Amino acid sequence: MFALLYALFFLPFGYRGEKALVKLFEDDIKTKEVLSWQGLHLLHFNASSCSQKTRIVLNLKGIAWQSHPINLLMAENYDAWYLGINPRGLVPTLVHDGNVFIESNDIITYLDETYTEPKLLTKALRPAIQEQLELEDSLHMDLRTLTMRFVLPDFLARKPSKALKQSEDFDGTIGGIADNHSKKNTDFWRLQAEQGITERQAVESILKFQDAFNTLEDRLKESSYILGNRLTLADIGWFVYAQRLKATGYPLKRLHPNVSSWHTRLAMTKEFASEIREPIPLKVIRNLYKVTLMARRTTLADLSGI
Ligand SMILES: N[C@@H](CCC(=O)N[C@@H](CS)C(=O)NCC(=O)O)C(=O)O
């Protein structure tokens, strides 16, 4: 009786309470050529945090892969060709022997399960790692909010209306079911085009990060990695966020010194360093924009008072 109640209550949420990976079926994929791609292919953008996360895992595991750059600044992610592979119109996408995987945390989980060494998602730590990755993913729109307000000037950040319409008109499915993620995404960009990122939005996102990083700070007081004394996927997920937060002007070192030294330690290893190297034009633009924000007294510190 107890077993039956348990099964009825928990099975719809996935095996052992684990979040089910987002899986694309063959019918979801309209760009049929990828079905015949052999080996590992990553469709990604150099400076995207989710793409960086995936590439770091590939580096750590020493896996050979083929690169397919998708230029987000040119809105290539909203071309019919790409939407036909990833109906959410987001990077990264992994294609492995014709199977298509989306969602960076699902991709890195898949990679860890498929290529065992070094193990970054151990059985014992699996629930804790998944909890960290879900928390990190839940802050993704906040990371984007801060990037669009403090890292990229409006003319580079804004998505052309035509590109957004392509995504809105695309009848994408995931696992055979119409998906509402792409609408959430295009709604964000439409609002950003209309009103920019408001001060209130920015401050709310900053406070959420301060809260999340306070918890990481406590963890890193006790151990050298987020979940103990070995590197896991949780470190990789949070590392790319810490990297981006630093670029927004968030005072990581002052507010969270242990997180800052953990970040610096990882950033110095070759598997991480190669993926966060900023293209020179982006670096120049970011620094010019930083100077503009300083002159206008609208930096992250000015707005939030942290
Ligand atoms: N939850 C998704 C988020 C993917 C995502 O938002 N990717 C960003 C880059 S980090 C993107 O493709 N942005 C392009 C856009 O919104 O137009 C994941 O982890 O893969």
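## Basis of the description

Helices (H or I, at least four residues) and strands (E, at least two) are DSSP runs, numbered from the N terminus. The structure is a predicted model, in which local features need pLDDT of at least 70 and side-chain atom pairs count only at pLDDT 80 or more, while totals for chains, interfaces and linings use all residues. Residues are numbered from 1 along each chain as its sequence is written, and side-chain values use heavy atoms, with hydrogens and water left out.

## Overall architecture

The chain contains 16 helices and 6 strands. Its radius of gyration is 20 Å, close to the 19 Å that the globule rule gives for 306 residues, so the chain is as compact as a globular protein of that length. Here the radius of gyration is taken over C-alpha atoms, and the globule rule is 2.2 Å times the number of residues to the power 0.38. The C-alpha trace spans about 60 × 50 × 40 Å along its principal axes.

Of the 306 residues, 51% are buried; buried means under 20% relative accessible area, exposed over 50%, and partly exposed in between (1.4 Å probe, protein chains only). The accessible surface comes to about 15,400 Å², and 58% of that surface belongs to carbon and sulfur atoms. Accessible areas come from the Shrake-Rupley method with a 1.4 Å probe, and for residues only the protein chains shown count as cover. Contacts (heavy atoms within 4.5 Å) can be sorted by sequence separation: among those between residues at least 6 apart, 76% join residues at least 24 apart.

Helix α8 comprises residues 161-169, and its buried residues are Ala 163, Leu 164 and Ser 167. These residues lie on the same side of α8 because they cover an arc of only 100° around the axis, the arc being that of the directions from the helix axis to the C-beta atoms. Helix α3 (80-83) and helix α9 (181-195) are included in what covers these buried residues. The face of α8 turned away from the buried side carries the exposed residues Lys 162 and Asp 169.

A salt bridge between the side chains of Arg 190 and Glu 168 has an N to O distance of 2.9 Å. This pair links distant parts of the chain, with Arg 190 in helix α9 and Glu 168 in helix α8, 22 residues apart. Arg 190 is partly exposed at 27% relative accessible area, and Glu 168 is partly exposed at 37%.

## Other salt bridges

A salt bridge is a side-chain nitrogen of Lys or Arg within 4 Å of a carboxyl oxygen of Asp or Glu. By this rule the count is 16. One of them joins the side chains of Arg 158 and Asp 154 at 2.4 Å, N to O; Arg 158 is partly exposed at 38%, as is Asp 154 at 34%. Lys 61, Asp 112 and Lys 119 are linked in a network of salt bridges.

Lys 221 is exposed at 53% relative accessible area, whereas Asp 218 is partly exposed at 44%.

## Backbone geometry

Most residues other than glycine have a negative phi, and most peptide bonds are trans. A cis peptide bond joins Val 91 and Pro 92, with omega about 5°; Pro 92 is placed in the loop between α3 and β3 (93-96). Another cis bond joins Glu 117 and Pro 118, with omega about -15°, and Pro 118 is found in the loop between α4 (104-114) and α5 (126-138).

Asp 97, although not a glycine, has a positive phi of about 45° and is found in the loop between β3 and β4 (99-102). Glu 103 also has a positive phi, near 75°, and lies in the loop between β4 and α4. Asp 97 is partly exposed at 38% relative accessible area; Glu 103 is partly exposed at 23%.

## A buried threonine and a nonpolar surface patch

Thr 232 is found in the loop between α10 and α11 (233-248) and is buried, with a relative accessible area of 1%. Leaving aside neighbours within four places in sequence, Thr 232 is in contact with Leu 120, Leu 125, Ile 129 and Leu 227.

On the surface, Ile 280, Val 284 and Leu 288 form a nonpolar patch with about 320 Å² of accessible area together. Patches are made of residues with over 30% relative accessible area and no salt bridge; like charges are joined within 9 Å, and nonpolar side chains (Val, Leu, Ile, Met, Phe, Trp, Tyr) within 5 Å. Leu 288 lies in helix α15 (residues 280-296) and counts as exposed at 56% relative accessibility.
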